[in-house]
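Me: I would like to learn how to read aromatic rings in a protein model. Please show me the structure first.

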Amino acid sequence: MKNFSKTTLFLIFTFGISFLMAGLFYVLGGEYPSTGGTVLAIAYMFTPALSVFIVEKLVHHENIRNRLLISFKINGWFFVAWLVPPVMAFLTFGISLLFPSVSYTPGMEGLLSRFEDMLTPEQLEEMSQSLATMPLPPVLLILLQGLLAGITINAVAGFGEELGWRGFLVRQFENMRFWKAALIIGFIWGVWHAPMILMGHNYPQHPVAGAFMMTFWCILLSPLFLYVTIKSQSVIAASVMHGTLNATGALAIITITGGSDLLTGLTGLAGFIAVSLTLAVFVFYDSFVSKEKIMRGKVGKYLPAEPSQNKN
């Protein structure tokens with residue numbers, strides 16, 4: 001296997017394991033969403049990390065922690081990673097209201113309508129009653145729970161992906177310029193989602209179009225994640241960003257109705273605009289505020305040097 005490049009091996013294992021899991025689930029009659037579908041989605045997130053372990057530890061016997069930016073040294077960019085996702089969610093909410101087919105619903109009818117095709121009437125009624133009896137306003141509660149989950153359980157799940165995308169691939173592409181590396185990683189990241197999207201994840205109303213939308217969305221997000229990883233010098237910060245993004249995404253749709261999964265939500269057109277505006281802020285910061293012009297150079301220039309002794 002050592003005759004293959006590390007990147008090639010990683011892609012073979014990541015896509016092979018992921019697509020096989022999703023394919024078997026579908027062939028055996030699995031439905032999404034369902035309890036089994038949730039288990040699949042969680043397991044799916046850990047396939048990049050599993051592939052990194054196979055390639056780095058079992059094939060090449062590398063010291064993963066020292067090579068792949070697994071650092072818990074907290075700095076200001078960890079907080080940026082934690083707080084940017086809910087800002088993008090609220091921004092997406094505001095942009096959604098600019099569309100003529102979308103309106104504000106303080107009673108959260110919009111959130112319930114999103115689950116009409118996924119839950120039974122009894123489950124919808126139970127969700128409605130749960131929302132009505134929340135001790136805090138639902139938006140505030142989701143924000144607080146999302147921020148907590150983003151640095152705990154969701155960050156662990158995020159690490160399952162980020163060790164591959166912003167750990168392993170960033171090291172493999174460190175001789176590339178920032179934008180090229182971000183584009184390639186984003187494309188790989190997006191295509192990897194395809195089986196889950198085709199089964200109804202994120203875009204239950206438009207699974208085929210959603211597969212293309214998700215790829216483009218990941219390409220847009222990729223420079224943000226790469227920038228945070230380099231600035232924080234840690235893939236853990238990227239994991240926090242990933243986890244918080246997943247945990248607070250509902251803030252974008254909880255109080256709106258109308259539109260479709262291609263239009264509203266973080267992964268819809270409104271989200272694309274919100275991510276693009278956020279990226280513009282990062283570009284402005286890098287160009288006119290930061291002393292390090294990360295986006296203008298090669299990725300490896302700003303990464304910590306690899307240990308001289310990688311072998312165990």
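This is a predicted model: local features need pLDDT of at least 70, side-chain atom pairs count only at pLDDT 80 or more; totals for chains, interfaces and linings use all residues.

Me: How many aromatic pairs does the structure hold?

Reply: A pair of aromatic rings is described by the distance of the centres and the angle of the planes. Rings of Phe, Tyr and Trp (its six-membered ring) pair if their centres lie within 6.5 Å; planes under 30 degrees apart count as stacked, over 60 as edge-to-face and the rest as tilted. The structure holds 15 such pairs. One of them joins Phe-15 and Phe-19, edge-to-face, at 5.4 Å centre to centre and 70 degrees between the planes.

Me: Where do Phe-15 and Phe-19 lie?

Reply: Helices are DSSP runs (H or I, at least four residues), numbered from the N terminus. Both residues lie in helix H1 (residues 6-27), 4 residues apart, about one turn of the helix.

Me: Is Phe-15 buried or exposed?

Reply: Buried means under 20% relative accessible area, exposed over 50%, partly exposed in between (1.4 Å probe, protein chains only). Phe-15 counts as buried because its relative accessibility is 18%. Phe-19, at 33%, is partly exposed.

Me: Which residues form one aromatic cluster?

Reply: Trp-77, Phe-178, Trp-179, Tyr-227, Phe-282 and Tyr-285 do.

Me: Where does the charged end of Arg-166 sit?

Reply: A charge sits over a ring if NZ of Lys or CZ of Arg is within 6 Å of the ring centre and within 35 degrees of the ring normal. Here the ring belongs to Trp-189, and the charged end of Arg-166 is 4.2 Å from its centre.

Technical notes:
Residues are numbered from 1 along each chain as its sequence is written. Side-chain values use heavy atoms; hydrogens and water are left out. Helices (H or I, at least four residues) and strands (E, at least two) are DSSP runs, numbered from the N terminus.
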